[in-house]
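Have the sequence and the 3D view at hand as you read.

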Amino acid sequence: MIENLKQQQHLSEYFPFLNHPSSEFGKPFFRSASLIHIPAGHTIASEGTECNQLALLVSGQVRVYKLADSGREITLYRISKGDSCVLTASCIMSNTPFPAIATAETDVDAVLVPSRQVHEWMSESKPWNTFIFGLIAKRLTEVIAVLEGVAFHRMDERIAAYLIAIASQGQTLNITHHEIASDLGTSREVVSRILKEFEGKGLIKGARSKLTVVNLAGLQNYRQ
């Protein structure tokens, strides 16, 4: 239960469905929900975990990914403040176990909603229903983009697109080759080879655990 008015007002800023003018959904929401802090590095859910609660993030970032038998990882999507995990919502609605791994990349503050309420509010609250289906639409687009990248694009094109998405001209990124490989579902050796090619073409400048994009337009042209 969340009784503190300041906390309620703070949460309403991140989750507009709590302020929907046609509903008093906030009252049952705050009666049922609870706050939790999750430290960085904590595994929130593993593959096969039963989904008893849905977490809505107030701060921090969570990575949701798949792990292959070979040990390789591929990021499906990330969750940040004002967001939630569509896989968890889907598992609750279908009463199936969690099919991936979710890890806190930073310290995370979240609101936990019991699975029973997730079910009930889908039919009882239009604002909640709209929020959940909005999650589904957003994440489905992201996961399809991941699948398209794996199926239809070369790894050098995917790495170029990855760098474009997270960097701007002249920006230095504190990121390792291993982290890029884990996000894209490949090996560190492949990433290192391609980044070396990019550096040779004057697109990036590399250093230990750091990358600087020196020719953003070149990267954009590279992936066309």
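## The sheet

Two strands pair if DSSP finds at least two bridges between them. Helices (H or I, at least four residues) and strands (E, at least two) are DSSP runs, numbered from the N terminus. Here, three strands build an open sheet in the order S1-S7-S3, with antiparallel pairing. Strand S1 (34-38) and strand S3 (53-59) are at the edges with a single partner strand each, so one side of each has no neighbour in the sheet. From one strand to the next, the twist averages 35°.

Look at S3 and strand S7 (residues 108-114): six bridges join these antiparallel strands. Leu56, for instance, has Val111 in S7 as its bridge partner.

## A helix across the sheet

Helix H1 (residues 5-14) lies across S1, S3 and S7, and runs at about 90° to S3. Axes are lines fitted to C-alpha atoms, for helices over the stretch in contact, and angles run from 0 to 180 degrees between N-to-C directions.

The axes of helix H6 (residues 155-166) and helix H7 (residues 177-184) come within 11 Å and cross at roughly 110°. H6 and H7 are therefore roughly perpendicular (65 to 115 degrees) to each other.

In contact (heavy atoms within 4.5 Å) are Met155, Arg158, Ile159 and Tyr162 of H6 with Ile180, Asp183 and Leu184 of H7. By class, this contact has five nonpolar, no polar and two charged residues; Ala, Val, Leu, Ile, Met, Phe, Trp, Tyr, Cys and Pro count as nonpolar, Asp, Glu, Lys and Arg as charged, and the others, Gly among them, as polar.

## About the model

This is a predicted model, in which local features need pLDDT of at least 70 and side-chain atom pairs count only at pLDDT 80 or more, while totals for chains, interfaces and linings use all residues. Residues are numbered from 1 along each chain as its sequence is written, and side-chain values use heavy atoms, leaving out hydrogens and water.

Technical notes
Parallel < 35°, antiparallel > 145°, perpendicular 65-115°, else oblique.
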